[in-house]
Amino acid sequence: MPMSIETIGVVAGALITAFLVALITTPIVKSLARKWGAVDVPKDGRRMHSVPIPRLGGLAIAISFLLTVVLFAEIDEQMRGILLGAVVILVLGVLDDCLTLRAWFKFLVQIVAAFLVTSHGCTI
């Protein structure tokens, strides 16, 4: 079934929005990572890089994704649960990049995020 011109326009708008938000937020997140000390310093032979690399790159991508979904997608109960779970995982990732959290705590938060998603009607 061919897509309508309106659908193509909405998809193009979403892609352009996501691209521009990621383009704008990436340098901001990079400087925040350095300011907060969320950098991976190469201290052993396992690292592929030779200079400190900011760890929060996923934050710019997540901000771009979340903003684009909020602006362009239909937000029903299931989508609300998915977005809520995604934000919980995003916050967990940022905290882990800054503080290096313990595995049991990260696992517990992941369970909470999964519960939030399923409690909003999402199933497999």
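Reader: How much of the protein is made up of buried residues, and what makes a residue count as buried?

Author: In this predicted model, buried residues make up 24% of the 124 residues, where buried means a relative accessible area under 20%.

Reader: What makes Thr-17 count as buried?

Author: The relative accessibility of Thr-17 is 19%, and because the cut-off for buried is under 20%, Thr-17 counts as buried. Thr-17 has its place in helix H1, which covers residues 5-36, and once its neighbours within four places in sequence are left aside, Thr-17 is in contact with Thr-68, Leu-71 and Phe-72.

Reader: Why is Thr-100 called exposed, and where is its place?

Author: At 58% relative accessibility Thr-100 is over the 50% cut-off, so it counts as exposed. Its place is in the loop between H3 and helix H4 (103-119), and Thr-100 has a positive phi of about 55 degrees although it is not a glycine.

Reader: Which elements does the protein have, and in what order do they run?

Author: The secondary structure comes to 4 helices and 2 strands, and from the N terminus on the elements run α-β-β-α-α-α.

Reader: How do you know that the protein is more spread out than a compact globule?

Author: The radius of gyration is 18 Å, whereas the globule rule gives 14 Å for 124 residues, and because the value is well over that of the rule, the protein is described as more spread out than a compact globule. Along its principal axes, the C-alpha trace spans about 55 × 35 × 25 Å. Among the contacts with a separation of 6 or more, 53% come from residues 24 or more positions apart.

Reader: Why are H1 and H2 called roughly antiparallel?

Author: The axes of H1 and H2 cross at roughly 150 degrees and come within 8 Å; since angles over 145 degrees count as roughly antiparallel, H1 and H2 are therefore roughly antiparallel to each other. The crossing in which H1 passes H2 is right-handed.

Reader: Which residues meet there, and how do they divide by class?

Author: On the H1 side they include Val-10, Gly-13, Ala-14, Thr-17 and Val-29, and on the H2 side they include Leu-59, Ile-63, Leu-67 and Phe-72. The residues of this contact of H1 with H2 divide into 13 nonpolar, 6 polar and no charged.

Reader: What makes H2 roughly antiparallel to H3?

Author: The axes of helix H2 (residues 57-72) and helix H3 (residues 77-99) come within 11 Å and cross at roughly 165 degrees. That angle is over the 145 degrees of the cut-off, so H2 is roughly antiparallel to H3. The crossing of H2 and H3 is left-handed, and the contact is made by residues including Leu-59, Leu-66 and Val-70 of H2 together with Met-79, Leu-83 and Val-94 of H3. By class, this contact of H2 with H3 has 11 nonpolar residues, with no polar and no charged ones.

How values were computed:
Residues numbered from 1 in each chain as written. Predicted model: local features only at pLDDT ≥ 70, side-chain atom pairs only at ≥ 80, totals over all residues. Heavy atoms only, no water. Axes fitted to C-alpha atoms, helices over the stretch in contact; angles between N-to-C directions. Parallel < 35°, antiparallel > 145°, perpendicular 65-115°, else oblique. Left-handed = near helix turned anticlockwise from the far one by under 90°. Contact = heavy atoms within 4.5 Å. Nonpolar A, V, L, I, M, F, W, Y, C, P; charged D, E, K, R; others polar. Buried < 20%, exposed > 50% of the residue type's maximum accessible area, 1.4 Å probe, protein only. Rg over C-alpha atoms; globule rule 2.2 N^0.38 Å.
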